[in-house]
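Q: Got a model open here and some questions about how it is put together. Can you walk me through it?

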Amino acid sequence: MRFVDEFRNPEIITRTAEELRRLADPARHYRFMEVCGGHTHAIYRFGLKDVLPRNIELIHGPGCPVCVLPMGRIDDGLSMARESNVVFAAFGDMMRVPGTQGSPLQHKAHGVDVRVVYSPSDALKLARANPDKHVMFFAIGFETTAPSTALTLIRAKAEGIRNFSVFCNHVTIIPAIRAILDSPDMRLDAFIGPGHVSTVIGCRPYEWIAVNERKPVVVSGFEPLDMLQSILMILRQMNAGEARIENQYKRVVPWEGNRAALKAMAEVFQLRPYFEWRGLGFISQSALRIRDEYAEWDAEQRFHVPGIRVTDPKAAQCGEVLKGVLKPAQCKLFGCECTPEHPVGALMVSTEGSCAAYYNYEHRKTMVTSIAPVA
Amino acid sequence: MCLAIPGKIVELVPGSQHLGTVEVVGVRRKVDLGLLQDNMPVPGDWVLIHVGFAMSKISEADALDQMRTLAMLGETELAMEEVQGYGLGDSGEHEKPN
Amino acid sequence: MAEISAPVVRFREPQIEMAHGAGGKASRRLIEGLFVPLLSSGTAESLGDAVRVEISGAQIAITTDSFVVKPLSFPGGSIGELAVNGTMNDLAVSGARGEAMVVTYVLEEGLPTNLLEAEVRAMGDAARRAGVRIVGGDTKVVEHGKADRMYISATGIGRPLPGIKIDPLSVRPGDRVILSGPIGDHGITILLARGELDFEADLRSDTRCILPLVEALVKAAGPGIHWMRDPTRGGVATSLNELARDCRLGINLLEDNVPVRDAVRGACELLGLDPLHIANEGQFLAVVAPEYADLSLNALHMTDGGQEARIIGDVREQPAGSVLVTTGYGGSRIVDMLVGDPLPRIC
């Protein structure tokens, strides 16, 4: 077993899709939110909309760390990177994200030392290899990624590596789901829960959604069969009039999560009182900062951080798309002023942002007119 | 939001407390196993890898269970149709002893 | 006399970035927006890998390319070999047999002579294998730190192969798309050879001269061949998007038919990349009329190095100007040109 190909089996996919059609009430319109941007990406990457019943609508949620990061934080990070002797290390996802004065890649073009890393531990390795430079790791991500940053900081402290720091932009998923559910124009029937976040936090943190909001949550894997099975489980709950937390992704997600990962996070991070989310505004207790015990490795304490705030362009309707009120193509800027190459709004920034995914994978499927040659 | 994929532990790196070599379809990399310290994997185990860290052990039993559940989808209905095709269950006749 | 209008430079980006050299959308904007208006003779030819010129009545195909690769040598090849194969391949897919090359070496002050000698040898060997003569060259040395060890620029001329005309406008709905072999080997090999990712795999660059394969194809199916391209930077997706745009038709690929080696697939999964966007240096795409598809495939299968050729899709009216990939279970997605260089992602 490879744990990948098995879950892309065409025959079983076709059969699961038939079962979905049998279970879905043709008189109803279903609105399910996949919280995680990885799911959004998978839905488009695998073309799952083509196999789902037409009356099941998937709303793309806030779980894209690049998309929800305010532009001001990118400006802050790059302002530190411009200081002499600093190496700016970040995941590839961050490299084309625009700040007001350009993206990390554009800064690289101006001679700023910008490096792509695959892992926070690779950033620490850069610091070990370049003792005469300061390596600042631009940390992003939800609870899936935060433990890796935490463990990297624990190792940096234990080894006494002092030319290394983290600019912490880690966020937490539950407050974002709450903010979306609190929005008055929100109509959702159920949630496809974020599988990889749940390897860390487990399934309990979603219980209030079932209990208080009476909406099913199925924690889901990312292969086509995982997602189809999760939708099947949601439909079965709805048909039975239930609202429960179910774990479709049992092979990977323990119900209680990963204690060692949570412990590492608690050792290094504490909740910020509030944090700004692109498209959603300020959400209280929705992000992590580095504890004072690790101040020496906290870029925000080591460097002067300008604390730049950038208001999103008014015309970009990211908030509405994020909440599922508008579809990506219904935004006024979609595909004209706002494209993956020149993103204006948050959701066009990362390939897993719903607008970028829609633009890249879906958009032209429905366009019937031929594309005119450049005049 | 998080790209994480399954890989097989092929070796625990000698002389290190927390590093293991994983293989993902012919590609090998050292990953940090520190987040699994409560339940350290051994060579042959499958783990979920995210940004160079093993996040979770993958249970083959649960995966097989899922595949069985999915493979059975629709079969119950098919079996019912077949049974009806034999003309069974449409009268009480067959329930008579002998 | 026709009025001569001033050329319109549409390229307005303030600075050159890596993406402008990566072979994707940004490269195309630069070429069409700056180079073509100022340098082209004004005919709206499609921007192929090589062009035909007529000199004293003789048809000549000409191409030029620069080679910048880090590291200089990698599993399966090195920059000197790449320069010969790349030039020959650009000529081959434009329907020409490379006959002669001139090369320029730009060297960084301090480059160890043994490294240079190794690359000159590799170039000589590759040229002999490919059957092309290197007839001239130039050497420049720049100050230490002003270049990364060695760059090679190569120009090749070739003789058009008889009985073939490459023109995207001759592509018709129903035509088949043929790929010569597995994709992504070169791009992933280079990515891993840089060592920054700490990945290991038994993978080699696919760099080779594809002329023998092209010649076999032309011999078997010449009149049926409508278009060819070697999918280098930007990969198969970028080449086919260029075709889709030029012929204003849709290209439909069957994902399961596109050959990808395990290690390439594994690296792409780990890094969140699409093999369709990864560079190749020894493969080519051909679009052939449906009645020639089997002949073409047979010809490739009978030729050394062509055993893994496959029909990976076909040309349709829709989605016009785009490439659509369909999965084994009927899901589909649009695959665009690559934007910039492929970057590993964690999201």
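Q: Start with H2 of chain A, residues 37-45. Buried or exposed?
A: Mostly covered. This is a predicted model, and in it 9 of the 9 residues of H2(A) are buried.

Q: Which residues are those?
A: A:Gly37, A:Gly38, A:His39, A:Thr40 and A:His41 are buried.

Q: What comes just after H2(A)?
A: A:Gly47 does, with a positive phi of about 60°.

Q: Switching to sheets. What is the strand order in the open sheet of chain A?
A: E4-E3-E5-E6, four strands with parallel pairing. The edges are E4 (113-116) and E6 (164-170), each pairing on one side only.

Q: How much are neighbouring strands turned against each other?
A: By 25° on average, ignoring direction.

Q: How many bridges between E3 and E4 there?
A: E3(A), residues 86-90, and E4(A) pair over 4 bridges, in the parallel sense. Take A:Phe88: its bridge partner in E4(A) is A:Val114.

Q: Which helix lies across that sheet?
A: H5 of chain A, residues 120-129, lies across E3, E4, E5 and E6 of that chain. H5(A) runs at about 175° to E5(A), which spans 134-141.

Q: Next, the contact of chains B and A. How many residues from each?
A: Chain B puts in 30 residues and chain A 42.

Q: Which elements give two or more residues on the chain B side?
A: Strands E4 (46-50) and E5 (53-57), plus helix H1 (60-72), all of chain B. H1(B) gives the most, 7 residues.

Q: And how does that side divide by residue type?
A: The chain B side has 18 nonpolar, 8 polar and 4 charged residues.

Q: What about the contact of chains C and B? How many residues from each?
A: Chain C gives 16 residues and chain B gives 12. On the chain C side, strand E9 (200-201) and helix H7 (262-271) each supply at least two. H7(C) gives the most to that side, 7 residues.

Q: How does the chain C side divide by type?
A: It has 7 nonpolar, 2 polar and 7 charged residues.

Q: Which strand of chain B is joined to E9(C)?
A: E3 of chain B, residues 27-32. The two run antiparallel and are joined by 2 bridges. B:Arg28 has C:Glu200 of E9(C) as its bridge partner.

Q: Last topic, chain C as a whole. How many helices and strands?
A: Chain C has 8 helices and 15 strands.

Q: Why call it as compact as a globular protein of that length?
A: Because its radius of gyration is 20 Å, close to the 20 Å that the globule rule gives for 347 residues. The C-alpha atoms of chain C fill a box of roughly 60 × 55 × 45 Å along the principal axes.

Q: What share of chain C is buried?
A: 53% of its 347 residues. Now take contacts in chain C between residues at least 6 apart in sequence: 84% join residues at least 24 apart.

Key:
Residues numbered from 1 in each chain as written. Chains lettered and ligands numbered in written order. Predicted model: local features only at pLDDT ≥ 70, side-chain atom pairs only at ≥ 80, totals over all residues. Contact = placed C-beta atoms within 7 Å. Nonpolar A, V, L, I, M, F, W, Y, C, P; charged D, E, K, R; others polar. Pairing = 2+ DSSP bridges. Buried ≥ 20, exposed ≤ 12 C-beta atoms within 10 Å, placed from the backbone. Rg over C-alpha atoms; globule rule 2.2 N^0.38 Å. Axes fitted to C-alpha atoms, helices over the stretch in contact; angles between N-to-C directions.
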